[in-house]
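Dear colleague,

I am passing on the structure we spoke about, and below it you will find my notes on what turned up in it. Please read them with the model open beside you.

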Amino acid sequence: MRFFTSSIVSRLGIVMMLCIGGVFWAASSAQAQGMFAPARKVNDRIITNYDVTQRMAFLDLLNAGAVDMRQEALTRLTEEAVQQDYAHRRGIRVNSDDVAEGMAEFAARVDLSAEEVVQIMRESGIDLETFRQFVTVGLLWRKVIEQEFPALVSVTDSDVARARDISAIRGTPRVLLSEIFLPSDPEFAEAVGQIMEMIEAARTQEEFSALAREFSLAGTRDQGGRLDWMPLENLPGNIAAPVSVASVGEIIGPLDLNGAFAFFQLRATDSTREIPADQIQLTYKRLLLPGGRTEANIDRVARIRANVRSCAELGGFATDLTDAALSEHTEFQRDIAQSDAIELARLDRNEVSANTVEGGNLVVVMLCARELQFEGRLTDGQLNDILFDQRLGRMADVKLQELVADADVQDY
């Protein structure tokens, strides 16, 4: 009886072990099935939960820093799915040698070999196939870009020139100013003196603007003397210094320029990175119109503004003048005469200003270029390549977003 009982117990134990084992096997099987279950379908391509977790680990290794790492992984995998489809529809393929070279190129960006990167990924739980697939899609999309988009992208000499402009460099201190220019001619001295008293007594931006509309000679009078944002380094040093420490609303002036008194009011500041003033070089033209502020000269300036689109065209308005009337200058910001520097500060490339009088001539100033000059400066060819790549990249991004928008995406 004892033997029978122990036999039953023994058999019961075996059955229980089999049952428990079956439960574990079933749980493990279910977990595996869940891991490889579809997370998203993009057109005819399935993205599994395993693909997502692998990409999340990959992004984490790359320090992607996404707020929602799963959503970021899904977004990347969706983009790669449509990229791969688009490439294959156009018969674009890559072979194993291309992929091996691409993996080595990826590793070289962090000064490692492909084998070292694979080992690091393996230690992070990332399969070799995940890395290989990532590189493969990148190579396919690169070939798409190289074949389809370059003919649609162009970079002109003007584009390169504009890219060199200080205005194209972000992160410079900027100021928002209003201006009033008054004539310094002796016959206006009494009236100008009274206007100066009113300007100095102004307490608000509205009061300053009202005075600009009524009395200023500058072309900004209709806007209440309001100038757009301008980099602080555009201003000559003796103006930039008081502006840089002025409080918003403060009035600076009068400044005695050639044939004019100038006042400026600081409306706002935007302080960011500073560019050394001794590296800023300006190219500009000066056109001297005899007679000062005559109606004929004011009309000529209006026609220049309306018709001249580049410095090369300014000479067309000097054909009836002496050769000395039109001159071109290339100087560093710090070396430019104060009256011209203040005029140039308000200008972007190919813009014109005419507020001062010199030797009985109305001075027309046109900015041709404002650029950084420093050791190691990029050549025009290098800058052309950078602009080309940027435009190519933007065009490819737009195409990718169109493909994603047109894709049939289904989440599970």
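This is a predicted model: local features need pLDDT of at least 70, side-chain atom pairs count only at pLDDT 80 or more; totals for chains, interfaces and linings use all residues.

Most residues other than glycine have a negative phi, and most peptide bonds are trans. A second residue of this kind is Asn-350, a non-glycine residue whose phi is positive and near 70 degrees; it is located in the loop between α12 (338-345) and β9 (352-358), and with a relative accessibility of 26% Asn-350 counts as partly exposed. As for the peptide bonds, the one leading from Gly-253 to Pro-254 is cis, with omega near 5 degrees, and Pro-254 itself belongs to strand β5 (residues 251-257).

Strand β1 (residues 38-42) and β2 run antiparallel and are joined by 4 bridges, and Val-42 stands opposite Arg-45 of β2. These strands are part of an open sheet of 3 strands, in the order β2-β1-β11 and with antiparallel pairing; its edge strands are β2 (45-48) and β11 (409-411), each of which pairs on one side only. On average, and with direction ignored, neighbouring strands of this sheet are turned by 20 degrees against each other. Helix α2 (residues 49-61) packs on the sheet, where it touches β1 and β2, and its direction makes about 60 degrees with that of β2. Helix α3 (residues 69-89), for its part, lies across β1, β2 and β11 and runs at about 35 degrees to β1.

I also looked at a pair of packed helices. Two packed helices are described by the angle between their axes and the distance between the axes. For helix α4 (residues 96-108) and helix α6 (residues 128-148), the axes come within 9 Å and cross at roughly 100 degrees, which means that α4 is roughly perpendicular to α6. On the α4 side the contact is made by Asp-98, Val-99, Gly-102, Met-103, Glu-105 and Phe-106, while α6 contributes Leu-128, Phe-131, Arg-132, Phe-134, Val-135, Thr-136, Leu-139, Arg-142 and Lys-143.

What surrounds Ser-209, leaving aside residues up to four places away in sequence? Under that condition, Ser-209 touches Gly-224 and Arg-226, and a polar atom of the Ser-209 side chain lies 3.2 Å from the backbone oxygen of Gly-224. The residue lies in helix α9 (residues 205-215), and because its relative accessibility is 1%, Ser-209 counts as buried.

Finally, some totals for the protein. Its secondary structure comes to 13 helices and 11 strands, and buried residues make up 40% of its 412 residues. Of the contacts with a separation of 6 or more, 73% are accounted for by residues 24 or more positions apart.

Technical notes:
Residues are numbered from 1 along each chain as its sequence is written. Side-chain values use heavy atoms; hydrogens and water are left out. Axes are lines fitted to C-alpha atoms, for helices over the stretch in contact, and angles run from 0 to 180 degrees between N-to-C directions. Helices (H or I, at least four residues) and strands (E, at least two) are DSSP runs, numbered from the N terminus. Angles under 35 degrees count as roughly parallel, over 145 as roughly antiparallel, 65 to 115 as roughly perpendicular and the rest as oblique. Contact means heavy atoms within 4.5 Å. Two strands pair if DSSP finds at least two bridges between them. Buried means under 20% relative accessible area, exposed over 50%, partly exposed in between (1.4 Å probe, protein chains only). A polar contact is a pair of N or O atoms within 3.5 Å; within protein, one must be able to donate a hydrogen and the other to accept it, and residues adjacent in sequence count only if both atoms are side-chain atoms.
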